[in-house]
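Please look over the sequence and the model before reading on.

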Amino acid sequence: MDARAKTTAKKTKSMKPMTWSTVHDEMLCREILVVDPFTGTKKGTVARGTRWEEVAENLKKIQKIYFKVDKRAVRDRYNLLSKELRNKLKREKESGIETDMTEVEMALEELIEKEDAAETEQKVVENQKKVKDSQDRENAESVRKKAMERLGQTQKRKADEGENEGKKKKKRSSGSDRLNFLREKNEQVQEMQKQELELKRQQLEVESRKQENFMQMMLNQQQQQQRQMQDFQAMMSVQTKQQNDLMIALVSKLIEKK
């Protein structure tokens, strides 16, 4: 086939419409299990969109099965399949009658569990963050209030001392009065600056604790993803071994018949 024929064939394939089949759904579910767009990402975020895009790109690389999809197509297909399975499981639970599940449905059930677990974890993290932010605001407000109270007490004490000193030295010159006033004013400014620095220091400590908690949360999520990947690899290894054992058994039976 010459270059022109190859180009024509490529264009024809790219224009060919795609129809979802059971095989397509199986490959889709397997790829979603590998990429796992749910764990560690929030619905509607760029991070989750990037995972769906990775699923689509991996599917398009498959040679034996034709995929013409993008991140929206694979996401919408999964949402449709998962919704249908959720409804089916709900009906079975209400009726008490269970039916056999296909390979696609078994994979979807695992994906639904991952999706629900990720959503629950995200809600817990958000609630914890809201509670912590509220506590941080309350702590900062309490520190600010105490600082202002101490400043008010200091100013009142200075004013009382100045009043008593004025009564004792009524004959003090006007120049001396201005000097004392400036000295007291400077002391008040220094006290305010000291209180502000203390407040900023405590706020920095609060921010530092928030950053440490966030990093710990990210580390925990990363470790959880690694454990899930290890579990998936172990499961795939077991399935592969079972398939190999089955093939060996079938071949052995065929040989015995001959």
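Which residues line the largest cavity? In this predicted model, the lining of the largest cavity is made up of F38, G40, T41, A118, E121, Q122, V125 and Q221. Helix α5, which covers residues 103–168, provides the largest share of that lining, namely four residues. The count of cavities of 30 Å³ or more comes to one, and the space in the largest cavity is about 50 Å³.

The largest pocket has a volume of about 470 Å³. Among the 16 residues that line the largest pocket, those closest to its centre are V125, E126, K129, F214 and M217. Helices α5 and α6 (174–257) each contribute at least two residues to the lining of this pocket, and α5 gives the most, with seven residues.

| Space | Volume | Contribution of α5 to the lining |
|---|---|---|
| Largest cavity | about 50 Å³ | four residues |
| Largest pocket | about 470 Å³ | seven residues |

Turning to the chain as a whole, it holds six helices and zero strands, so that, read from the N terminus on, its elements run α-α-α-α-α-α. Of its 258 residues, 22% are buried, and the chain exposes about 19,600 Å², of which carbon and sulfur atoms supply 54%. Among the contacts with a separation of 6 or more, 69% are between residues 24 or more positions apart.

Residues 182–214 carry a UniProt feature, "coiled-coil region", which comes from an unreviewed entry. In the model, this stretch is 100% helix and 0% strand, and its end C-alpha atoms lie 48 Å apart.

The buried residues in α2 are H24, D25, E26, L28, C29, E31, I32, L33 and V35. An α-helix has 3.6 residues a turn, so residues three or four places apart point the same way. Just after α2, D36 adopts a positive phi of about 55 degrees.

Note on methods: Residues are numbered from 1 along each chain as its sequence is written. This is a predicted model: local features need pLDDT of at least 70, side-chain atom pairs count only at pLDDT 80 or more; totals for chains, interfaces and linings use all residues. Side-chain values use heavy atoms; hydrogens and water are left out. UniProt positions are given in the numbering used here, feature names are shortened, and annotations may be inferred rather than shown by experiment. Buried means under 20% relative accessible area, exposed over 50%, partly exposed in between (1.4 Å probe, protein chains only). Contact means heavy atoms within 4.5 Å. Accessible areas come from the Shrake-Rupley method with a 1.4 Å probe; for residues, only the protein chains shown count as cover. On a 1 Å grid over the protein atoms alone, a cavity is a set of points where a 1.4 Å probe fits but cannot get out, and a pocket is an open set with protein on both sides within 12 Å along at least five of seven lines; lining residues have an atom within 4 Å of a point. Grid points are joined across faces, edges and corners, and a volume is the space filled by probe spheres set on the points.
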